[in-house]
Amino acid sequence: EDGTVLIYNLFCEFKRHFSMGNEVLQNHVLDAKVFHTEYGTGVAILTGAHRFSLTTNIDDLKLRRMPEVPGLQKPPSCWAVLSQDRVTIVLLAVGQDLYLLDNTSCSVVTPPGMSPSAGAYLQMAVSFNYRCLALFTDTGYIWMGLATLKEKLCEFNSSIRSPPKQMVCPNCGPPRAPPWAAAVSVMVLQEHQWCQERRFVLDEDSYLVPELDGVRILSRTSHEFLHEIPGASQEIFRIASMAPGALLLEAQKEYEKESQKADEYLREIKDQKLLSLAWPWAPPSLHRASAGPLLCQLCQAPVVPVSRACQPRCGPHPHGLMLTAGLLGGRSRCPPMCPTRLVLRRLYPLAIRICEYLRLSEIQGVSRILAHWACYKVQQKDKSDEEVAHAINQKLGDTPGISYSEIAARAYDCGRTELAIKLLEYEPRSGEQVPLLLKMKRSKLALSKAIESGDTDLVYTVVLHLKNELNRGTFFMTLQNQPVALSLYRQFCKHQERETLKDLYNQDDNHQELGNFHVHSSYSEKRIEGRVGALQNALDEYYKAKNEFAAKVS
């Protein structure tokens with residue numbers, strides 16, 4: 001109610017919290033939604049003043065207040081967060097009107113092909129990939145189209161008048177998917193019933209979770225998955241289908257009966273040169289060691305080794321995760337999600353094995369998992385800093401893609417500063433070490449690391465940080481112990497801070513350089529009296545430095 005967002009992990013362990021702004025303290029939160037984009041996990045809220053605020057990434061908090069809806073005197077009947085062209089916007093409904101809020105303006109929008117008698121909007125849902133949008137009205141009318149509101153995909157009347165408990169809109173396929181692919185993807189849950197072209201009766205209250213390629217149906221006793229039947233399966237199992245995969249399936253059935261018809265089916269596939277089309281879409285039952293080599297031999301195709309042609313079947317396992325091929329990454333160009341889900345459950349060995357089986361690159365697979373493991377390891381309080389640092393280094397070593405500075409930053413966030421410093425010793429990049437040491441207020445150690453790196457820009461960064469952090473006397477004394485840093489700071493002062501350079505020479509009793517300083521300063525004096533005075537000061541300093549020649553020349 002007060003706009004505080006609490007963040008927990010999957011084990012219900014509290015991580016941190018943040019606020020959605022001061023306005024919420026006065027007006028409170030009426031509604032909130034958590035959404036996911038390419039930027040990360042975001043949060044959007046509706047306040048009692050009927051204003052929207054959101055952040056697109058809870059890990060990099062930047063609150064944004066959306067424009068006001070003109071004349072809005074009551075909360076919207078429904079609203080949703082959309083992501084279009086890397087811009088996060090809010091779509092809301094008030095009666096029969098739809099409003100779109102972007103960064104700067106509020107505009108009224110009308111879905112194409114929407115029936116004038118559709119009624120007031122009661123519910124809306126956005127697909128997992130933000131491509132499709134579903135709208136439900138008080139007359140039971142359901143409209144579905146692109147989230148850009150530029151094209152209608154389908155519509156039908158559900159004959160339900162009251163607001164649904166929940167409505168989700170799964171992904172509606174590729175850009176050129178036919179309208180029916182979208183029509184069968186609209187689900188409405190009310191009183192244990194699915195309403196679409198057909199009804200699915202549920203035995204108990206359920207909750208829907210949209211996924212990449214379908215919808216999870218969760219209840220107290222069951223976990224089901226509803227998704228569109230893949231086109232390849234439809235081609236194979238359609239009645240009287242002559243698709244290459246269907247012919248290959250029939251050949252396998254006849255082969256198991258030891259019938260010569262198996263050879264006829266295979267000849268037909270071979271004569272039409274359809275083997276390359278048939279094999280990839282064959283059912284999993286065909287990818288067996290007993291049938292595969294013989295079928296390939298009959299079709300004069302190279303025999304594929306069993307280890308490559310057959311995916312291993314997993315036996316009983318204590319960690320149950322229901323994943324589709326899409327979620328596993330089998331039909332997606334995105335990195336497989338299965339290892340990520342296992343990592344979040346702290347099942348690191350199993351995640352590594354799956355990454356090795358999927359032949360993911362080391363940086364994308366094993367290295368990423370080991371980094372997660374190390375970040376979890378530093379949170380364990382039952383072991384000393386030395387033991388944890390040694391264990392992490394023994395496991396990670398010089399694995400490519402591992403950043404010890406990120407692990408050290410996690411240790412520092414957990415209040416283990418000494419452990420963070422020990423982990424930074426294994427970080428080979430000084431550019432990653434120094435900023436974190438400065439953040440931990442270990443400026444002197446940061447200066448030593450910067451000097452060891454030989455990177456003058458890095459040394460300047462630390463020196464200027466020390467200058468702002470320490471008082472003048474302590475700052476000069478610190479530089480006295482670091483000749484390289486002192487020399488670089490003098491060079492900086494020669495061009496930027498001439499008076500500070502004079503103070504440095506005075507502290508060191510460097511009369512020779514003081515004399516040179518006054519001579520140089522005399523050239524910038526416009527009046528003769530000023531020049532004579534500066535040269536007199538230079539003369540005094542040269543005498544103190546026992547440099548007779550310089551004194552006579554000046």
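Cys414 is partly exposed, with a relative accessible area of 26% (partly exposed lies between buried, under 20%, and exposed, over 50%, using a 1.4 Å probe and protein chains only). The model is predicted, so local features need pLDDT of at least 70 and side-chain atom pairs count only at pLDDT 80 or more, while totals for chains, interfaces and linings use all residues. Residues are numbered from 1 along each chain as its sequence is written, and side-chain values use heavy atoms, leaving out hydrogens and water.

Cys414 is in none, as the nearest cysteine sulfur, in Cys375, is 8.8 Å away. For Cys154, the closest cysteine sulfur belongs to Cys169 and is 8.7 Å away, too far for a bond. Cys154 counts as buried, at 11% relative accessibility.

Turning to the helices (DSSP runs of H or I, at least four residues, numbered from the N terminus), H14 (residues 404-413) packs with H15 (residues 417-424) at about 175°, their axes 8 Å apart. Axes are lines fitted to C-alpha atoms over the stretch in contact, and angles run from 0 to 180 degrees between N-to-C directions. H14 is therefore roughly antiparallel to H15 (an angle over 145 degrees).

Helix H16 (residues 430-439) packs with H17 (residues 443-453) at about 165°, with axes 8 Å apart. H16 and H17 are therefore roughly antiparallel to each other. Contacts (heavy atoms within 4.5 Å) involve residues including Val434 and Leu437 in H16 and Leu445 and Ala446 in H17.

Technical notes: Helix = DSSP H or I, 4+ residues; strand = E, 2+ residues; numbered from the N terminus. Parallel < 35°, antiparallel > 145°, perpendicular 65-115°, else oblique. Disulfide = S-S within 2.5 Å.
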